[in-house]
Amino acid sequence: MSCNTSVTRLCAPSVGQAQQVTVHLMPCEIEHNGPALVSQYLTATTKDNKQEKMVSFRGRGLKGQELSCPQGYSGLVLKEINKPGSDQEDRTVKVSSVFDKLTYWNLETPPNSDDTVVMAMDWPELAEAIHGPVED
Amino acid sequence: MAAKKKRTPNVQNDSWVVVAADSVIDTQKHDSDPAFVRLRNPLTDAASLYMLGSGDVQLYEVKAFEEDFHSWFVGQTVQRDGRLIFVTPMDPLYLILPYLIKSGKEGKFQPVDQVVMDEEFPACSRLLSCTRSLTSLHHIAEEKEVGGLKFHRYSQERTMNWLKKKVERTVTALKKRNISVGEGVKSATFIRVKPDADSHEEDYLRYAHGLISEYISEDLSKALLKHLGLPELTSPKETEPPSKKRKLSDQPVEAEEDYTKFNSADFARKPPKKMTAAQKTLAKVDKTGMKPMSSFFSPKVKAEKK
């Protein structure tokens, strides 16, 4: 149970050095972590029609749209630095990059307000109702 | 992450995509960094991941939104873990409440810093540093001041009134959200089955009660239902508001829509052994800390997908 005592520190000042980055939520699991030629093979071939974006990815038609972070919220990509050797030790993550909007892609279906990631963006507002202070 | 057959476990993950309240990274006010900590989840009684903001003045909830078969492109890299993690401000009273209830069984007024203590979760005493904690204790406890010192005793009556206000706030937010979302999803085949305003109101109440019940014990959740004047429904099927029954999918909805079941089953789960340190922590993040966002929104999706 001692693992409950370790904390993961978020190095907040690192946000100052963090670069804006484009993020895409892809409708497939890619069994890999590491570099990828995203701008060459995804961004470069993306078509922008009105609000809907289209791209062919591995021969599949993807339809996507941009979503902004809710007001008062920022997108952060956190990365662990100096991994400790055991789970008893405290850990540290830093803000490696930031984003204020993301692009999510559906397989075939056009983006719409029923998409779960769209609804997820409503969570902060709902959370504020659940957690905001109540009057006496 | 739900392990899929034939899929290799995600071992090297050291990166997370997060949407966080701006106050989390506002470094102006305090010199200490925010930290992810594990605290006792009031519903499951097990460890969950939360965040204490800089200077411990604000508590945050950490919640993962997860869909099967998703990954991220972050800049010119691929991140296999397709979760979107939300860090939103949280009312510390929800986490303090179980400690007060426990000590309230003795029926004595006690100093709250002697009540909010936990060998298993030493970070819990930091909850009292949150700006709102001490100033809002009267919502869940009776207060007594003797010689400049404050003493508290749990009050079920006050707690019920406090939780009722929480439910009412949530109902308001749900309605507001429905207005903005509702228009967009109307289709030609959409038929409103329940024009009856009263039963519609009850739907909202039950839904809000379900959301609040994520943060309180099952006993308290039942008591709150009573306090709201809502009869307890016996089978999980009946607890679904009528609107949720207009579903298209044929998958079973009971387990998913019964909030309490979902949580105890999914989040009290301990991470398996034989993992690297990084995996372990990640696994804790996964299973004990956060509820998938979809648990909140899936009933609504079903209600509106026509």
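**Fold and overall dimensions of chain A**

Chain A contains three helices and 10 strands. The structure is a predicted model. Starting at the N terminus, the order of elements in chain A is β-β-β-β-α-β-β-β-β-β-β-α-α.

An open sheet with mixed pairing is built from eight strands, arranged as 4(A)-6(B)-5(B)-3(A)-10(A)-7(A)-6(A)-5(A). Its edges are formed by two strands of chain A, strand 4 (34-35) and strand 5 (47-49), each of which pairs on one side only. In general, the strands of a sheet pair through backbone hydrogen bonds, in either a parallel or an antiparallel manner. Within this sheet, strand 3 (residues 23-26) and strand 10 (residues 101-107) of chain A run parallel and are joined by three bridges. In this region A:L25 lies opposite A:Y104 of strand 10 of chain A.

The radius of gyration of chain A is 19 Å, whereas a compact globule of 136 residues would have a value near 14 Å. The C-alpha trace of chain A extends over about 50 × 50 × 30 Å along its principal axes. Of the 136 residues in chain A, 52% are buried. Among contacts in chain A with a separation of 6 or more, 64% are between residues 24 or more positions apart.

Methods:
Residues numbered from 1 in each chain as written. Chains lettered and ligands numbered in written order. Predicted model: local features only at pLDDT ≥ 70, side-chain atom pairs only at ≥ 80, totals over all residues. Heavy atoms only, no water. Pairing = 2+ DSSP bridges. Helix = DSSP H or I, 4+ residues; strand = E, 2+ residues; numbered from the N terminus. Rg over C-alpha atoms; globule rule 2.2 N^0.38 Å. Buried < 20%, exposed > 50% of the residue type's maximum accessible area, 1.4 Å probe, protein only. Contact = heavy atoms within 4.5 Å.
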